[in-house]
Amino acid sequence: MLESLTLALASPIAKAVLDKFYEGVGSKLGEKAVELVPDKVKQLGQLVWDKCLRGKRGAEEVVQNAANGSEEARQKLTEHLHKTLEANASMGEELQPLVAEIMQVVQNNMNTRNLQQISGGQGLQVNDPQSPVIQAGNNNTFTFNTYNTPPKPD
């Protein structure tokens, strides 16, 4: 019986929990979390293991298989944890601070190359953070003249 989880075993558990909290994108964010904060991922996986999975028949095998890449085991684990968290709101509240901490680190370290801000119903997309940003208040008009450079001959 597992007492202490390795990062490899904690990862599918943490990804399933992140998926529950972040509605379907948690698995992708979980990959980044494993990279950036493996200690927190391991802590989250261990907490969920201790509170929700330890001692359950077949849990160890499902976690092992999910860690080894079995999509069926990963799906089974995710479904079980989602149901458990829906049925036990206090468990979700207990996990929330750790999940929020993990996601804060992930969000702070994500590539911000395509940053988009929405303010007051207007959108601003910045594809290059080094480029200048032109902003205007209400009732301002800007005229942009663009010049296309012809392609160089071969």
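Histidine 82 is buried, its relative accessible area being 17%, where buried denotes under 20% relative accessible area, exposed over 50% and partly exposed in between, with a 1.4 Å probe and protein chains only. The model is a predicted one, in which local features need pLDDT of at least 70 and side-chain atom pairs count only at pLDDT 80 or more, whereas totals for chains, interfaces and linings use all residues. Residues are numbered from 1 along each chain as its sequence is written, and side-chain values use heavy atoms, with hydrogens and water left out.

Histidine 82 belongs to helix 5, helices being DSSP runs of H or I with at least four residues and strands runs of E with at least two, both numbered from the N terminus. When residues up to four places away in sequence are not counted, histidine 82 touches Ala16, Asp19 and Lys20, contact being defined by heavy atoms within 4.5 Å. A polar atom of the histidine 82 side chain lies 3.2 Å from the backbone oxygen of alanine 16.

Helix 1 comprises residues 7–21, and its 15 residues reach 20 Å from the first C-alpha to the last, close to the 21 Å expected at 1.5 Å a residue, the expected span being 1.5 Å times one less than the number of residues. This helix is mostly covered, with 11 of its 15 residues buried; among them are Ile13, Ala16, Val17 and Asp19. Helix 1 is followed by glutamate 23, which has a positive phi near 40°. Helix 3 (residues 38–53) likewise contains buried residues, including Leu44, Val48, Trp49 and Leu53, and is followed by glycine 55, whose phi is positive and near 85°.

The largest nonpolar core has 32 residues, of which Ile13, Leu44, Val48, Leu53, Leu81 and Ile102 touch the most other members; such a core is a set of buried Ala, Val, Leu, Ile, Met, Phe, Trp, Tyr and Cys residues joined through side-chain atoms within 4.5 Å. At least two residues of this core come from each of helix 1, helix 2 (26–36), helix 3, helix 4 (59–67), helix 5 (71–87) and helix 6 (89–109). Valine 48 touches Ile13, Val17, Leu53, Leu81, Met91 and Leu95, residues up to four places away in sequence not being counted.

Over the protein chain, six helices and two strands are present, in the order α-α-α-α-α-α-β-β from the N terminus. Buried residues make up 29% of its 154 residues. Of the contacts with a separation of 6 or more, 65% involve residues 24 or more positions apart.

Note on methods:
A polar contact is a pair of N or O atoms within 3.5 Å; within protein, one must be able to donate a hydrogen and the other to accept it, and residues adjacent in sequence count only if both atoms are side-chain atoms.
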